[in-house]
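Here are some comments for a colleague, to be read alongside the coordinates.

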Amino acid sequence: MSFQTLIIILLFAAAIFYVGRMLYKSLYVKKGCGSNCKCGVDFSNIDTAKPRS
């Protein structure tokens with residue numbers, strides 16, 4: 001096995017790991033991710049602010 005083949009195999013393995021990690025994170029998200037998407041947060045009892053006159 002040549003040095004170039006070894007580098008290609010390592011790069012391919014790193015790419016597979018990266019894509020697999022992204023897929024895992026997208027499938028198994030936590031409740032309330034903290035990214036302002038309102039997932040897991042109930043805003044039904046909050047009064048809206050009235051504009052000032």
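1. A helix, as the word is used in this note, is a DSSP run of H or I with at least four residues, numbered from the N terminus. The model is a predicted one, and on that definition its protein chain has one helix and zero strands.

2. That helix, H1, covers residues 3-27 and includes Leu6. H1 has 25 residues and spans 36 Å from its first C-alpha to its last, which is close to the 36 Å expected at 1.5 Å a residue.

3. The number of buried residues in H1 is zero, so the helix lies largely in the open, and across the 53 residues of the protein chain 0% count as buried. The chain exposes about 5700 Å², of which carbon and sulfur atoms supply 64%.

How values were computed: Residues are numbered from 1 along each chain as its sequence is written. This is a predicted model: local features need pLDDT of at least 70, side-chain atom pairs count only at pLDDT 80 or more; totals for chains, interfaces and linings use all residues. Side-chain values use heavy atoms; hydrogens and water are left out. Helices (H or I, at least four residues) and strands (E, at least two) are DSSP runs, numbered from the N terminus. The expected span of a helix is 1.5 Å times one less than its number of residues. Buried means under 20% relative accessible area, exposed over 50%, partly exposed in between (1.4 Å probe, protein chains only). Accessible areas come from the Shrake-Rupley method with a 1.4 Å probe; for residues, only the protein chains shown count as cover.
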